[in-house]
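Reader: I would like to learn how to read a model like this one, feature by feature. Could you take me through the general idea each time, and then the case at hand?

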Amino acid sequence: MIDFIEDAQKLTLEHTKKADEIPAYPYENNDRKVYGLFSEVKGNVASPAQFYITDSINHFLTASLYFKTKPNYDSILPAAHYLQNDMKRIMESIKWK
C-alpha cells in the first residue's frame with residue numbers, strides 16, 4: 001500500500017510548480033475502515049483535485065479531476081468546486097467488500 005500512496009501523493013506534488021496552494025484534507029472512517037486524503041490544487045493547474053482512499057491492507061482507490069481545456073483557474077473554479085463535492089461524496093460512500 002505504501003507504494004500506491006506515494007504514487008498518489010507524487011501526482012499531487014507534481015502540481016507544485018504551477019499551484020498557488022495545495023490544501024490537503026485527511027479522511028478517516030474507522031467503522032468502514034476507509035482512510036485517505038483529498039487534495040484541492042488551487043491555481044492554473046491541469047488537475048484541480050485528487051484523492052485516494054484505502055483500507056491500509058487490500059484496497060486502494062485514487063481519482064483525479066481533469067478538464068479538457070487550458071487551465072484557467074477563475075473560469076473552471078465553479079465547475080471544479082461542484083465536482084470536488086462529488087469526489088468527497090464518493091470518498092464518504094465507499095464500503096469495502
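Author: We can begin with burial, where buried means under 20% relative accessible area, exposed over 50%, and partly exposed in between, with a 1.4 Å probe and protein chains only. In this chain, buried residues make up 35% of the 97 residues. This is a predicted model, in which local features need pLDDT of at least 70 and side-chain atom pairs count only at pLDDT 80 or more, whereas totals for chains, interfaces and linings use all residues. Residues are numbered from 1 along each chain as its sequence is written, and side-chain values use heavy atoms, with hydrogens and water left out.

Reader: What radius of gyration does the chain have, and what would a compact globule have?

Author: The radius is taken over C-alpha atoms, and the globule rule is 2.2 Å times the number of residues to the power 0.38. For 97 residues a compact globule would come near 13 Å, and the 14 Å of the chain agrees with that. Along the principal axes, the C-alpha atoms fill a box of roughly 40 × 25 × 20 Å.

Reader: How many helices and strands are there in the chain?

Author: Helices (H or I, at least four residues) and strands (E, at least two) are DSSP runs, numbered from the N terminus. The chain has two helices and six strands, and along the sequence they follow the pattern α-β-β-β-β-β-β-α.

Reader: Which residues of helix H1 are buried, and which are exposed?

Author: Helix H1, residues 2-13, has 12 residues and reaches 16 Å from its first C-alpha to its last, close to the 16 Å expected at 1.5 Å a residue; the expected span is 1.5 Å times one less than the number of residues. In H1, Ile5, Ala8 and Thr12 are buried. They cover an arc of only 65° around the axis, which puts them on the same side of H1, the arc being that of the directions from the helix axis to the C-beta atoms. On the other side of H1, Ile2, Asp3, Asp7, Lys10 and Leu13 are exposed. What covers the buried residues of H1 includes strand E3 (34-40), E5 and E6, where contact means heavy atoms within 4.5 Å.

Reader: In what sense do strands E5 and E6 pair?

Author: Two strands pair if DSSP finds at least two bridges between them. Strand E5 (residues 49-54) and strand E6 (residues 60-65) pair in the antiparallel sense over six bridges, and phenylalanine 51 stands opposite alanine 63 in E6. The hairpin has five residues between the strands, and there serine 56 takes a positive phi near 75°, although serine 56 is a residue other than glycine. Serine 56 counts as partly exposed, because its relative accessibility is 48%.

Reader: Is asparagine 29 buried or exposed, and which residues does it touch?

Author: Asparagine 29, which lies in strand E2 (residues 24-29), is buried, because its relative accessible area is 18%. Not counting residues up to four places away in sequence, asparagine 29 touches Val34 and Tyr35. A polar atom of the asparagine 29 side chain lies 3.2 Å from the backbone nitrogen of aspartate 31; a polar contact is a pair of N or O atoms within 3.5 Å, where within protein one must be able to donate a hydrogen and the other to accept it, and residues adjacent in sequence count only if both atoms are side-chain atoms.
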